[in-house]
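Colleague: I am new to this structure. Please take me through the aromatic pairs, one part at a time.

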Amino acid sequence: MAVNLVNVEAVSKVYGTRTLLDGISLGVSEGDRIGVVGRNGDGKTTLIRMLAKLEEPDTGRVTHTGGARIGILTQHDSLDPAATIRHEIIGDMADHEWAGNAKIRDVLTGLFGGLNLPGFGQGLDTVIGPLSGGERRRIALAKLLIAEQDLLVLDEPTNHLDVEGIAWLARHLQERRSALVCVTHDRWFLDQVCTRMWDVQRGDVHEYEGGYSDYVFARAERERIAATEEAKRQNLIRKELAWLRRGAPARTSKPRFRIEAANELIADVPPPRDRSELMRFANSRLGKTVFELENVTVQAGPKQLLKHLTWQLGPGDRIGLVGVNGAGKTSLLRALAEAARTQGESQPAAGTVTVGKTVKLAYLSQEVGELDPSLRVLEAVQRVRDRVDLGKGREMTAGQLCEQFGFTKEKQWTPVGDLSGGERRRLQILRLLMDEPNVLFLDEPTNDLDIETLTQLEDLLDGWPGSMIVISHDRFFIERTTDTVWALLGDAALRMLPRGVDEYLERRRRMIEAAAPAPAGPAKDKSAATVSSKDGRAAKKELQKIERQLNKLSDRESLLHAQIADHATDFEKVAGLDAELRELLSERDELEMRWLELAEEA
């Protein structure tokens, strides 16, 4: 029988006039894998800080089983700024001692990309003081994971990790024997590592068995049973459940909840997006040209991040952009944004960027823009516009959109200066959408947003007609909001990935393995190496050609869907269009298979 490591008995916590936790009783046992979700400000962090005894409850008590080793990753580290990374992570262990430890090697490689800590000037001997918050956080996480713990308590562990780092951390936690309590808004991560969920809501904590997908189903079912009318049943949680069941092609794990019950619950829920309708609307708003790049080179100082890039963003395209840190994702968006701002007069280091005449760009950067702190939330939104056209005949006032983004009528009169970081991020996104752009650049939009706000943002973007590029380490958000994934792999090229984030991780693993020192052996034939190099260049050239063909096929597919919808009552016309569509899909499948073969060669 599993032993309880932590017991929480009738715990309450009040801040000012607000009750965050009201008479909560919970337990954490050996082997538990618990994910904690809930809106920002509802008490998730307070709850886990009390679990670790970093904070005392107002009433009730928290007890630890005698001798239980509990480690916590908080939002703010306690690292010594004068110490080196070596001192904090490894202590006084000799090099041969820690280098021979499989766990230490795995943690350093997984979180930093190698035992020599590439990216840190002095490697393990780098002093911590001048490092960024994200770098310090990775050091604190590494220190925690290397130590032996009975219970790990993690507050937003995926913050400041890229897609590869998050995938590694999920695998690492799956293999650990220690119990886990984790607060995160990364839904893919929750599904990978958790077997129970705690939902913190209005002073209470609701418990659910299973990971995030199971939680979504159980919560939707609970709300359906409690609803007194059908209108109340039509809610965001059911739409997200439909997405989890029908899902992006890149989702590899099936949700674990009861299939029959889930299918019955979502039988009348339409797909998240009507792609053909959105494409038609996007064409009418944008015309044929959005961004066209011809032989473009993007630089950051003397470093060339992208070379000879020929690519286009078309009307209605929804693109997820992934890549290694420093490969040029943000620099590419900035170059496009600058060209749009100057109507094409400002150009990159080489090549040309053509911007459509009707483009109205909104760019959400990673920095939260400063607003007058004395402005009320509603005033800050109304300064942009009083009402907004969301397409498909939908219109919302500033107040209604504020409510959809979690700013209640009372909260709308809160001064901007009193908002949390997550609330400011929400307000920033809201102001961008109020300006009715037809092109969106979203650079890490999920930073500081809770899961409920993320589902609301996804729901809003489902009906938004325009072109969009999303940079995010949140693979669930990328799969949920975009149609194609492109990658920057650090070789100054941009590639489309038909299988999305899973394919990106596979390619990165192969690149890392290929870069590893080869074992000593007989000398290679130089002529064979030359032939291999020529084959690789030829493969890359054909890859680019196929990517352009796939883009054209995608545009043609959208047009055929629109034409089928327009001629729904003309059976003969629809039959002809359907035959053309099947032929197109067959051609696309062949091209994608050839693309995968060439990707291996290149």
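Modeller: Rings of Phe, Tyr and Trp (its six-membered ring) pair if their centres lie within 6.5 Å; planes under 30 degrees apart count as stacked, over 60 as edge-to-face and the rest as tilted. A search of the whole structure finds seven such aromatic pairs. One of them joins Phe291 and Phe441. This pair is tilted, with 5.8 Å centre to centre and 35 degrees between the planes. Phe291 lies in strand S10 (residues 291–300) and Phe441 in strand S17 (residues 439–443), so the pair ties together parts that are 150 residues apart in sequence. Strands here are DSSP runs of E, at least two residues, numbered from the N terminus.

The model is predicted: local features need pLDDT of at least 70, side-chain atom pairs count only at pLDDT 80 or more, and totals for chains, interfaces and linings use all residues. Residues are numbered from 1 along each chain as its sequence is written, and side-chain values use heavy atoms, with hydrogens and water left out.

Phe291 and Phe441 are both buried. Buried means under 20% relative accessible area, exposed over 50%, partly exposed in between (1.4 Å probe, protein chains only). Phe441 has 0% relative accessibility, so Phe441 counts as buried.

Phe441 also pairs with Tyr363. That pair is edge-to-face: 6.0 Å centre to centre, 80 degrees between the planes. Tyr363 sits in strand S14 (residues 361–364), 78 residues from Phe441. Tyr363 counts as partly exposed because its relative accessibility is 23%.

Elsewhere, ring pairs link Tyr208, Tyr212, Tyr215 and Phe476 into a cluster.

Note on methods. Helices (H or I, at least four residues) and strands (E, at least two) are DSSP runs, numbered from the N terminus.
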